[in-house]
Amino acid sequence: SRLRFHTNRTNESVMCAKEQEMVGTIQKRAERLGESYSIPAQDADEECERELELEIEEEEEVEIEVPQKKPVKETTWDFGRVFTENSPTSLPVTVIRLGQVVRQKMKPDSLGRIRWSDKVMCTDNFLNTVADVTGAKDTCLNHYLRLVNSAILFPDGQLLLLSEREADNILVLFWNHAQVKRCQ
């Protein structure tokens, strides 16, 4: 029957008796050998598809209403000290290790189990971007993270992440210092 279907579909001439017998033998052997086999790929595909659906459900963005916040006024400090100090811990501003911040102020907790470098620090101004209406700083930073766009590498190998305002002030001092040196 499959042979007839094939010859009708392809408009091929009918095979001779010997060829038909050989094709019939091959078909019977293939059917017999294939009887006890199932294709587990279909089961695996279905399982993978179910797992993917679960992952997609977990990853779907959940809309939450966050309480009203107000921007935190940044602390001004002696920005010129970045040019004279060997370590960010010597600066007249509160600096915190990034790993400590992640462990204490970010979710999920699995982020805190990552081995963050002890050489990456951030200023209090970099961390604290908003406060609630009473003025209390946020204990969880997930919704109000600042993008890293400025950092200073100190001679001791530590890296200090800065807020935009801090970076702007330091750049002004840097350019003023560079112009004075050129004029001398």
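Arg-146 counts as partly exposed, at 23% relative accessibility, where partly exposed denotes the range between buried (under 20% relative accessible area) and exposed (over 50%), computed with a 1.4 Å probe on protein chains only. The structure is a predicted model, in which local features need pLDDT of at least 70 and side-chain atom pairs count only at pLDDT 80 or more, whereas totals for chains, interfaces and linings use all residues. Residues are numbered from 1 along each chain as its sequence is written, and side-chain values use heavy atoms, with hydrogens and water left out.

Arg-146 takes part in a salt bridge with Glu-74, in which the closest N and O atoms are 3.6 Å apart; the term refers to a side-chain nitrogen of Lys or Arg within 4 Å of a carboxyl oxygen of Asp or Glu. Because Glu-74 lies in the loop between strand 1 (69-71) and strand 2 (95-97), and Arg-146 in the loop between strand 4 (130-132) and strand 5 (151-153), the pair ties together parts that are 72 residues apart in sequence. Helices (H or I, at least four residues) and strands (E, at least two) are DSSP runs numbered from the N terminus.

Glu-74 itself is buried, with a relative accessible area of 16%. Its side chain also meets that of Arg-165 in a salt bridge, at 3.9 Å from N to O. Arg-165 belongs to helix 6 (residues 164-183) and Glu-74 to the loop between strand 1 and strand 2, so this pair ties together parts that are 91 residues apart in sequence. Arg-165 is partly exposed, its relative accessibility being 32%. Side chains of opposite charge can pair when their charged atoms come close.

A search of the whole structure finds four salt bridges. One of them joins Lys-107 to Asp-109, with the closest N and O atoms 3.6 Å apart. Lys-107 is partly exposed at 49% relative accessibility, and Asp-109 is likewise partly exposed, with a relative accessible area of 49%.

The protein contains six helices and six strands, which follow the pattern α-α-α-β-β-α-β-α-β-β-β-α along the sequence. Of its 184 residues, 24% are buried. Among contacts (heavy atoms within 4.5 Å) with a separation of 6 or more, 64% are between residues 24 or more positions apart. The accessible surface comes to about 14400 Å², and carbon and sulfur atoms account for 53% of that surface; accessible areas come from the Shrake-Rupley method with a 1.4 Å probe, and for residues only the protein chains shown count as cover.
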